[in-house]
Amino acid sequence: MKKKVLIIGIILIVISLFSFFLFFNNNKSDDKSINDLLKEKGYSDSEVSFILDKVSKEDYDYVLEFGYDKSLINILSSSEYDENKFTDYIKYYMKNKDSNINDIITIINSDYDLDNYPASSLLASLVKEKYYINGNVARYLDYGNNHDVDFKKVIGIVNSKADLGFYSESLDSNLGANNLVLVNKFYHLKDDYMPSDLVSLGGQYNRGANSRMRKEAADAFMKMVDAAKLDNIILYNASAFRSYDYQVNLYNRYIKRDGKAAADKYSARPGYSEHQTGLCSDLNIIDDSFDGTDEANWLKDNAYKYGFILRFPKGKEDITGYKYEPWHYRYVGLDAAKIIYEDDITLEEYYAYYIEKL
Ligand SMILES: [Zn+2]
């Protein structure tokens, strides 16, 4: 009986040892064959060990299929190279053999679906930007390849629809966005829209005929004026809520004086004025002489702390469609104002990325 157990035990040990040997020997011969096969393709000894070190085992067949190409070493050498994206790099490279390897890697690493777009330094720069929206990529490339502007500007212009031409689309403003409602040369309010929670600014806070703002904006406005006063800066509203009818008269008066094209540069068409939202104020002096004053500078640096943004900044005319207005501030709430201020973007860009994209 004991002998029998011993014999069975020995047989089992022999079988396990044999399987163990077979397993490792097999693996060894696999390694050997990929080594040899790569060498046969034309890679040097050091290149072969570099490839085998950088590419995961399950992609070995893919490397062999790819064959000899020096670019493989360049791809694997990139500091941005990610082993898990190996086959994606190769597939994209095959379609873009003349493109810069780093651009290819950056574009693939972005994880956006861009297989059908040629690799270029413009595309690689775009995908790294915070406000890049993949659905706009065709228009980014079209605009960027035909205009001499940097890629940040390309994103701003396209996200804001300015590449389509101002007033080229006539969309209803989304009132559901509340404090972030967008009214510009694409989005307009209906002629009968009037906010239901307008309150009048009085006393030291106002010196204009149009003194009404929506409640939350008015409260924030007064808080801002009070804070400015502590810094010896005197601010006041010169013009806040304006009705649709008011804008009709204003706009017609400007057209009569300067013509339609000129009027469109500084005045909004009826329904397209932000003043109809009850969320903005023209402060102090409504002309260019306000620029550079202590009051204008204080606003530029501090308004966002109270939820207001400089709505039509200098250098953003091609995005907002309006010339620089140092006096026009718009309430958007604290969170949005902070982002808009810190990222140096406009409400158009904020809206496209944080509201419209979702
Ligand atoms: Zn204004």
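H8 and H9 cross in a right-handed sense, where a crossing counts as right-handed if the near helix is turned clockwise from the far one by less than a right angle, and as left-handed if anticlockwise. Arg139, Tyr140, Tyr143 and Gly144 of H8 make the contact with Phe151, Val154, Ile155, Ile157 and Val158 of H9, two residues being in contact if their C-beta atoms, placed from the backbone, lie within 7 Å. This is a predicted model, in which local features need pLDDT of at least 70 and side-chain atom pairs count only at pLDDT 80 or more, while totals for chains, interfaces and linings use all residues. Residues are numbered from 1 along each chain as its sequence is written.

**Helix pairs**

- Helix H8 (residues 137-146) packs against helix H9 (residues 151-159) at an angle of about 125°, with the axes 9 Å apart, and H8 is therefore oblique to H9.
- Axes are lines fitted to C-alpha atoms, for helices over the stretch in contact, with angles from 0 to 180 degrees between N-to-C directions; angles under 35 degrees count as roughly parallel, over 145 as roughly antiparallel, 65 to 115 as roughly perpendicular, and the rest as oblique.
- Helix H5 (residues 86-95) and helix H6 (residues 101-109) have axes that come within 10 Å and cross at roughly 125°, so H5 is oblique to H6.
- H5 passes H6 in a right-handed crossing, and the contact is formed by Asp88, Tyr89, Tyr92 and Tyr93 of H5 with Ile104, Ile105, Ile107 and Ile108 of H6.
- Helix H2 (residues 45-54) and helix H4 (residues 70-77) pack at about 50° with their axes 11 Å apart, which means that H2 is oblique to H4.
- The crossing of H2 and H4 is left-handed, and in it Glu47, Phe50, Ile51 and Lys54 of H2 meet Leu72, Ile73 and Leu76 of H4.

**A single helix**

- Just after H11, Gly259 takes a positive phi of about 90°.

**Confidence**

- The mean pLDDT of the chain (the predictor's confidence in each residue, from 0 to 100) is 93, and 92% of the residues reach 70 or more.
- Residues 25-29 have pLDDT below 50, and beyond near neighbours in sequence this stretch has zero contacts in the model.

Technical notes. Helices (H or I, at least four residues) and strands (E, at least two) are DSSP runs, numbered from the N terminus.
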